[in-house]
Amino acid sequence: MTSKTAVKRSPKTADDAQPDTRPDAPRDAPLDAMMPVPFRIVKRTQELADTFTIELTPASGRGGAFAFRPGQFNMLYAFGVGEVPISISGDPANPKKLIHTIRNVGAVTQAISNMKVGDEIGVRGPFGSAWPVEKAEGSDVLIITGGIGLAPLRPAIDHVLANRGKYGRFVILYGARSPADVLFMEQLTAWRGRLDTYVDVTVDHATRDWAGNVGVVTRLIERANFDAYHAKAFICGPELMMRFTIKELSSRGLKDEDIYVSMERNMKCAIGHCGHCQFGGKFVCKDGPVFPYSSVNALLKVRGL
Amino acid sequence: MVKIEGIDKLLAEHPFFKDMPIDARKTLAGCAKNERIEPGDYLAQEGNAADKFYLIRSGALAVECHVPSGDNLVIETLHTGEVFGWSWMVPPYEWNFDIRAVDLTRVISLDAACLRKKITKDKLLGFELYSRFIPILAKRLHSTRQQLTDLYGKS
Ligand code: FES
């Protein structure tokens with residue numbers, strides 16, 4: 001991730017002025033959104049060598065639900081070190097458990113990784129737009145993800161499974177670097193065991209003891225059964241993986257407006273003020289992180305953005 | 001003749017032969033054989049003569065690279081409806097990788113010497129065959145390039 005210089009937002013258009021009432025639309029953050037609230041770590045799970053999950057509860061001890069929509073993120077503050085945007089990876093129907101899955105890639109995530117059960121962490125959020133799970137009702141749903149990208153999509157998967165009857169075919173395709181890097185292996189196995197969900201997993205390389213697929217995640221698309229003309233695809237992973245995936249989906253007939261991507265950029269304020277997360281004329285923190293591909297397709301082709 | 005007709009029916013069912021003129025397909029059926037590979041058995045080994053190519057009817061094959069530590073590295077898996085093997089087209093006609101059946105796998109093999117003989121005589125037949133291989137090669141190359149980018153590495 002590269003840091004972006006602060007810039008002012010382009011003037012609002014007439015369209016911007018219309019209140020967007022869609023359930024997945026970005027919402028304005030409350031005024032106190034800059035103030036981290038102390039939470040306590042109640043559970044820590046080491047998922048992979050460099051990836052862990054923490055479950056949080058308010059440090060005030062008053063419990064309470066942390067309502068969020070699938071795809072939204074929080075700013076997690078390691079006191080004295082800094083803040084990072086991390087997607088919520090828990091079940092939206094169980095908001096009493098605030099769960100984040102984090103890959104240890106920098107100073108702040110390293111500091112959070114070093115925390116133990118009982119330690120305090122600051123939380124601001126939830127921020128950003130959501131996966132359009134309501135809009136996808138009645139359609140086939142494709143979840144295509146790679147690496148840590150499965151974490152921001154898990155709440156959407158939980159939602160679809162909890163409301164399974166409202167959707168058509170449900171396809172989950174996941175790619176990882178190697179078998180040792182497959183995130184949420186137990187859950188993937190459980191989802192795969194359901195008769196109403198198609199799950200396929202692949203790794204980029206493996207040794208002989210791996211009996212699963214080897215190859216890039218885009219190759220799983222050709223074997224999945226879905227109706228490209230009545231499907232919504234939710235994609236989250238490295239930007240390059242998303243571009244390859246979109247190309248494959250487009251060649252299968254999916255329209256740009258039926259494809260949704262989750263973008264990642266450096267963030268600071270998370271409420272659309274500082275410009276750190278600027279992506280063309282959009283702010284990833286406020287207009288995203290989930291975007292219809294039709295609204296960012298031109299931006300994704302711009303080099304160095 | 002009855003045998004060739006049976007094989008031709010299997011060829012017609014495979015995506016590789018989709019839209020191929022019937023005459024061309026029937027000619028190629030003369031080089032084809034139905035085979036079954038038990039899980040764990042090797043269909044090809046690096047350095048051996050690449051005397052066939054394969055159409056996977058069902059099952060899965062692993063393309064492996066032999067490494068000195070002894071534990072072969074799996075580079076790719078191939079599944080129902082896919083094609084395996086182009087070393088038969090390129091001198092010195094030797095396999096570059098090992099090919100192992102992951103599951104019980106049913107394939108149709110096409111004999112390279114027989115194919116070469118037929119396409120030397122019938123250039124149009126060669127065109128039919130090669131024009132089906134090129135998109136597959138392009139797709140595999142594209143996938144390999146994606147793998148080379150180490151998509152999920154720390155950036
Ligand atoms: S505008 Fe500040 S992080 Fe998005």
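Figure 1. Helices (H or I, at least four residues) and strands (E, at least two) are DSSP runs numbered from the N terminus. In this predicted model local features need pLDDT of at least 70, side-chain atom pairs count only at pLDDT 80 or more, and totals for chains, interfaces and linings use all residues; side-chain values use heavy atoms, with hydrogens and water left out. Residues are numbered from 1 along each chain as its sequence is written, while chains are lettered from A and ligands numbered from 1 in the order in which they are written. A:D204 is buried but takes part in no salt bridge, and A:R177, the nearest side chain of opposite charge, is 6.8 Å away. Buried denotes under 20% relative accessible area, exposed over 50%, and partly exposed in between (1.4 Å probe, protein chains only). A salt bridge requires a side-chain nitrogen of Lys or Arg within 4 Å of a carboxyl oxygen of Asp or Glu. For charge, Lys and Arg count as positive and Asp and Glu as negative; His and the chain ends are not counted. Neighbours within four places in sequence aside, A:D204 is in contact (heavy atoms within 4.5 Å) with A:A176, A:R177, A:V214, A:G215 and A:V216, as well as with B:I75, B:Q147 and B:Y152.

**Figure 2. The contact between chain B and chain A, made by 26 residues from chain B and 30 residues from chain A.** About 2500 Å² is buried between the two chains, with carbon and sulfur atoms giving 52%; buried area is the accessible area (1.4 Å probe) that two parts lose on being put together, summed over both. Five salt bridges are counted between chain B and chain A. One salt bridge pairs B:E76 with A:R219, whose closest N and O atoms are 2.5 Å apart. On the side of chain B that touches chain A, strand 5 (73-79) and helix 4 (123-148) each supply at least two residues. Strand 5 of chain B gives the most, with seven residues.

**Figure 3. The salt bridge between A:E83 and A:R124, with the closest N and O atoms 2.7 Å apart.** A:E83 belongs to strand 4 (residues 82-87) and A:R124 to strand 6 (residues 120-127) of chain A, so the pair ties together parts 41 residues apart in sequence. A:E83 is partly exposed at 25% relative accessibility, whereas A:R124 is buried at 2%.

**Figure 4. The salt bridge between A:R169 and A:D140 (3.2 Å, N to O).** This pair links distant parts of the chain, 29 residues apart: A:R169 is in the loop between helix 3 (150-162) and strand 8 (170-176), and A:D140 is in strand 7 (residues 140-146) of chain A. A:R169 is partly exposed, with 35% relative accessibility, and A:D140 is buried, with a relative accessible area of 7%.
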